Amino acid sequence: MLRIEGLQSGYGRIQALHGVDISVAEGEIVALVGANGAGKTTLLMTICGNPRASAGRVVLAGEDITGLATHHIMRRGLAHSPEGRRIFPRMSVLENLQMGAAMADPAHFAQDLERVLGLFPRLAERLHQRGGTLSGGEQQMLAIGRALMSRPKILLLDEPSLGLAPLVVRQIFEIVAEINREQGVTVFLVEQNAFHALKLAHRGYVMVNGKVTMSGTGAELLANEEIRAHYLGGGHG
Amino acid sequence: MGGKARALAVDAALGGLVAAAMALPMLGVRLEDGATGLSLGGRFDWVLWAAGIVAGGRLLIGALRLTLAGRGPSLPAPPRALITYVGWAMVAFALILPFLPFAGRNMVDKATLVLIYVMLGWGLNIVVGLAGLLDLGFVAFYAVGAYSYALLSQTFGLSFWLCLPLAGMLAAGFGLVLGFPVLRLRGDYIAIVTMGLGEIIRVVLQNWQDVTGGPNGISGIERPSFFGLSFKMVPPEGSRGFAEFFGLDYSADHRVIFLYFLILALALLTNLFTLRIRRLPVGRAWEALREDEIACRSLGINPTTVKLSAFATGAMFAGFAGSFFATRQGFISPESFTFHESAVILAIVVLGGMGSQIGIVLAALLLVGLPEWFRELQQFRMLAFGGAMVLIMLWKPSGLLSTREPAIRLKDAP
Ligand SMILES: Nc1ncnc2c1ncn2[C@@H]1O[C@H](COP(=O)(O)OP(=O)(O)OP(=O)(O)O)[C@@H](O)[C@H]1O
Ligand SMILES: [Mg+2]
């Protein structure tokens with residue numbers, strides 16, 4: 001579904017990714033974990049074409065999308081819920097969701113809206129509330145819901161657990177699992193919260209300083225001593 | 001509280017010092033024509049006055065702020081229904097205004113002027129209020145509209161009604177061509193470059209003698225007719241007069257009233273367009289782009305085309321307003337399209353509360369209507385203008401009416 005080969009990228013002269021290889025198969029949930037500044041966000045942004053990759057390839061469903069402009073990439077069945085959510089604060093929940101469907105066929109808007117509100121009943125109760133007045137958890141739901149409005153085949157999630165209480169994190173990860181299981185959406189998830197992410201994911205990668213240092217199934221990585229020490233704070237639960 | 005009072009006093013003292021430093025060269029020294037020739041004299045009492053006024057003013061503002069602090073910076077959002085009623089009441093009032101007993105020709109004329117600025121404000125609001133593009137050269141498109149009408153009507157003898165859409169299209173075309181390089185820039189740069197573009201257009205108009213008549217402008221521009229009925233005392237051959245057709249006595253007021261209704265219709269068209277388009281995907285994309293460009297990109301939106309569409313749409317309405325201006329005045333010259341105009345229109349939009357349609361009407365009344373009224377006090381107009389702006393920004397930093405209604409409720413979602 002998504003294949004990343006030897007990807008390098010950065011900001012101006014600062015290189016943030018030093019040759020990353022990752023693949024995500026159709027129907028999978030793949031998690032990428034790593035510390036602050038490892039380059040996780042940069043990887044997702046580079047997949048979306050901003051910044052452009054300086055070397056390597058991104059292949060989406062068999063098509064090389066490496067050099068394309070962001071708005072062309074995002075029309076190819078890929079959706080991105082960016083770091084920090086980036087919902088439109090002065091627009092209502094409904095308008096935010098409509099923006100998510102901006103590039104989709106208006107004919108199935110009603111159906112998609114129903115599907116997303118079914119996943120996030122909290123949003124259904126708050127359709128006319130301004131995005132900016134939602135709680136952090138609701139904003140994250142809105143960001144994911146907005147991304148789903150374009151009927152993506154693959155969903156890129158950047159730190160959905162950021163700043164949320166453990167209970168809400170669990171709730172959101174359950175919904176992500178449901179999206180994957182029932183609607184067949186492939187998920188590529190980037191997280192610092194390694195425990196939850198690896199428990200959810202089928203497979204995982206570990207990123208350190210712009211390079212992938214380890215990979216395996218979620219369970220394998222969770223059991224790994226080094227990961228327990230570095231990312232799980234001694235295996236809390 | 002004690003700490004706050006001290007901070008206030010320090011702030012006032014600092015303000016006074018800065019004022020003194022600035023006033024010293026500007027007010028404090030002057031050339032005196034003495035017996036031995038020119039000599040440098042002091043006027044230090046003036047400097048003290050300036051410093052005192054500024055320090056006192058800052059103290060006053062600070063104290064006001066402290067007492068008003070509990071009340072919040074902006075009015076609570078008026079309910080949606082109220083805004084709609086007020087809007088309709090204003091439209092109704094505008095419709096009967098010319099027939100009210102106290103509304104003489106002079107008043108209708110002034111109301112027409114205010115309406116031009118309301119329309120320009122609504123047009124610029126699409127660019128600044130909705131799409132968030134700070135355009136400081138809006139007057140360029142107003143000029144393009146005015147000159148398009150003047151030239152098309154004089155060169156090809158086309159009627160106002162034919163020229164109006166053409167002028168709008170030409171202005172929109174200019175918007176596209178000029179916007180293309182500009183809109184790739186970010187925020188503040190857009191402001192600077194659009195300001196430059198506005199001046200360039202004016203300079204071209206001023207120097208392209210053969211076509212635009214240069215500084216002398218274009219005069220004798222065709223006045224509009226009422227579906228072919230002329231408002232002239234003696235209608236041109238082959239056409240009939242408005243008064244004659246309707247069996248009225250001829251009066252010069254007819255044209256004034258007609259022009260008033262014409263700009264009212266054009267302005268309402270602009271408003272209707274804005275209200276409609278905010279519910280459509282394009283309008284929504286404009287607003288979303290103002291909120292968060294990166295999020296828009298990740299939703300597959302091409303920011304450049306979306307910005308261009310807003311820029312060109314605003315330009316089109318400026319073009320309409322421009323051709324109205326030309327037909328009303330019968331004479332245009334580059335002098336009518338200086339940066340000052342752009343600044344006033346922008347002030348109307350910002351003061352109105354960025355995106356609030358009724359706020360813009362109030363701001364236009366305040367910034368254009370009031371000064372017109374107090375024309376006798378010519379010299380103090382700019383001072384009052386500046387003072388009003390400062391006061392309002394202190395009182396309501398986010399504009400007179402800064403509320404944004406969701407454009408869509410579920411019942412009318414597509
Ligand atoms: N816009 C930018 N300009 C310059 N450097 C940047 C920019 N964004 C990120 N970087 C740098 O790139 C590196 C990788 O950052 P990135 O945001 O991808 O990390 P991350 O893994 O997402 O971290 P976190 O978990 O804290 O979000 C960091 O060294 C960061 O300073
Ligand atoms: Mg990050």
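This report describes the fold of chain A and the interface between chain B and chain A in a predicted model.

**Chain A**

The secondary structure of chain A consists of 10 helices and 10 strands. Along the principal axes, its C-alpha atoms occupy a box of roughly 45 × 40 × 30 Å. For 237 residues, a compact globule would have a radius of gyration near 18 Å; the value of 17 Å for chain A therefore agrees with a compact globule. Buried residues make up 54% of the 237 residues of chain A. Among contacts in chain A between residues at least 6 apart in sequence, 67% join residues at least 24 apart.

**Interface of chain B and chain A**

Chain B contributes 25 residues to the contact, and chain A contributes 27 residues. About 2,500 Å² is buried between the two chains, with 60% of this area coming from carbon and sulfur atoms.

Two salt bridges are counted between chain B and chain A. One of them pairs B:E291 with A:R90, whose closest N and O atoms lie 3.8 Å apart. Five residue pairs, with both residues at pLDDT 80 or more, are in polar contact across the interface. On the side of chain B that touches chain A, helix 11 (281–291) and helix 12 (293–298) are the elements that give two or more residues. Helix 11 of chain B gives the most, with six residues.

The table divides the residues on this side of chain B by class.

| Class | Residues of chain B touching chain A |
|---|---|
| Nonpolar | 14 residues |
| Polar | three residues |

Note on methods. Residues are numbered from 1 along each chain as its sequence is written. Chains are lettered from A and ligands numbered from 1 in the order in which they are written. This is a predicted model: local features need pLDDT of at least 70, side-chain atom pairs count only at pLDDT 80 or more; totals for chains, interfaces and linings use all residues. Side-chain values use heavy atoms; hydrogens and water are left out. Contact means heavy atoms within 4.5 Å. Buried area is the accessible area (1.4 Å probe) that two parts lose on being put together, summed over both. A salt bridge is a side-chain nitrogen of Lys or Arg within 4 Å of a carboxyl oxygen of Asp or Glu. A polar contact is a pair of N or O atoms within 3.5 Å; within protein, one must be able to donate a hydrogen and the other to accept it, and residues adjacent in sequence count only if both atoms are side-chain atoms. Helices (H or I, at least four residues) and strands (E, at least two) are DSSP runs, numbered from the N terminus. Ala, Val, Leu, Ile, Met, Phe, Trp, Tyr, Cys and Pro count as nonpolar, Asp, Glu, Lys and Arg as charged, and the others, Gly among them, as polar. The radius of gyration is taken over C-alpha atoms; the globule rule is 2.2 Å times the number of residues to the power 0.38. Buried means under 20% relative accessible area, exposed over 50%, partly exposed in between (1.4 Å probe, protein chains only).
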